[in-house]
Amino acid sequence: MTKLGIVLIGIGFIAGTLATVIDVETVRWIPFTGSLITGIIGIVLVKISIKKEARSTEVLTKNMLQIETSISSIIKNLKELNDRKETINTFDVRHKVDELFLEDLNTFVEARESISHTFGVQAYADVMSHFAAGDRYLNRVWCASSDGYIDEVNEYLVKSLEQFEDSKRKLADCKG
């Protein structure tokens, strides 16, 4: 259904373009409207297909596993970084943040919609509220490291860890 939708979008775009340039004085509204409707049908088919695929059991299962794995990895790495913060130069913490967290953060964010498809919108809001706060605090760690503010780095490492742990707890609560 996705391929058909894409083909209809292409046909609608090309036909609409032709309908507007064949006669430079006036627009042929009937062919243009038909091409517009064809393109809209294509867009609807693509959206339906994407939505259906996002809610498939296979995708939801895979995404939920990625979410659980990435949040656990983030917490593990935050604990380790927090334990080693006294031995790492403050200016180097930002490099550790990039090295340790980017992949897991991206993985979680790419799969996050599966939380609402699996557990509902309220569960999504509960999990993502804490996740977003943890991410903001981790960004603050990066910025403080860049500026050399050791006390702020130390404070926001702890705050970030707390938020990510809360996010994981909310996710576990959803699972029952």
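**Close-up 1. Contact residues of helix 4 and helix 6 in the predicted model.** From helix 4, the residues V93, R94, V97, D98, F101, L105, F108 and V109 meet V127, M128, F131, D135, L138, V141, W142, S145 and S146 of helix 6. Sorted by class, this contact has twelve nonpolar, two polar and three charged residues.

**Close-up 2. Axes of helix 4 and helix 6.** Helix 4 covers residues 93-111 and helix 6 covers residues 121-147. Their axes come within 10 Å and cross at roughly 160°. Angles over 145 degrees count as roughly antiparallel, so helix 4 is roughly antiparallel to helix 6. The crossing in which helix 4 passes helix 6 is left-handed.

**Close-up 3. Packing of helix 6 with helix 7.** Helix 7 covers residues 150-175. The axes of helix 6 and helix 7 are 8 Å apart, and the packing angle is about 165°. Helix 6 is therefore roughly antiparallel to helix 7. A left-handed crossing is found for this pair of helices. The contact of helix 6 with helix 7 includes 14 nonpolar residues, together with six polar and seven charged ones.

**Close-up 4. Packing of helix 3 with helix 7.** Helix 3 covers residues 57-84. An angle of about 150° separates the directions of helix 3 and helix 7, and their axes lie 10 Å apart. Because of this angle, helix 3 counts as roughly antiparallel to helix 7. Helix 3 and helix 7 cross in a left-handed manner. On the helix 3 side, the contact is made by M64, I67, E68, I71, S72, I74, I75, L78, K79, L81 and N82. On the helix 7 side, the residues are N154, L157, V158, S160, L161, F164, E165, S167, K168, L171 and K175. By class, the contact of helix 3 with helix 7 divides into twelve nonpolar, five polar and five charged residues.

**Close-up 5. Cysteines C143 and C174.** A disulfide is a covalent bond between the sulfur atoms of two cysteines. The predicted model holds zero disulfides. C143 has a relative accessibility of 33% and so counts as partly exposed. For C174 the value is 24%, which means that C174 also counts as partly exposed. The cut-off for buried is under 20% relative accessible area, and for exposed over 50%.

How values were computed
Residues numbered from 1 in each chain as written. Predicted model: local features only at pLDDT ≥ 70, side-chain atom pairs only at ≥ 80, totals over all residues. Heavy atoms only, no water. Axes fitted to C-alpha atoms, helices over the stretch in contact; angles between N-to-C directions. Helix = DSSP H or I, 4+ residues; strand = E, 2+ residues; numbered from the N terminus. Parallel < 35°, antiparallel > 145°, perpendicular 65-115°, else oblique. Left-handed = near helix turned anticlockwise from the far one by under 90°. Contact = heavy atoms within 4.5 Å. Nonpolar A, V, L, I, M, F, W, Y, C, P; charged D, E, K, R; others polar. Disulfide = S-S within 2.5 Å. Buried < 20%, exposed > 50% of the residue type's maximum accessible area, 1.4 Å probe, protein only.
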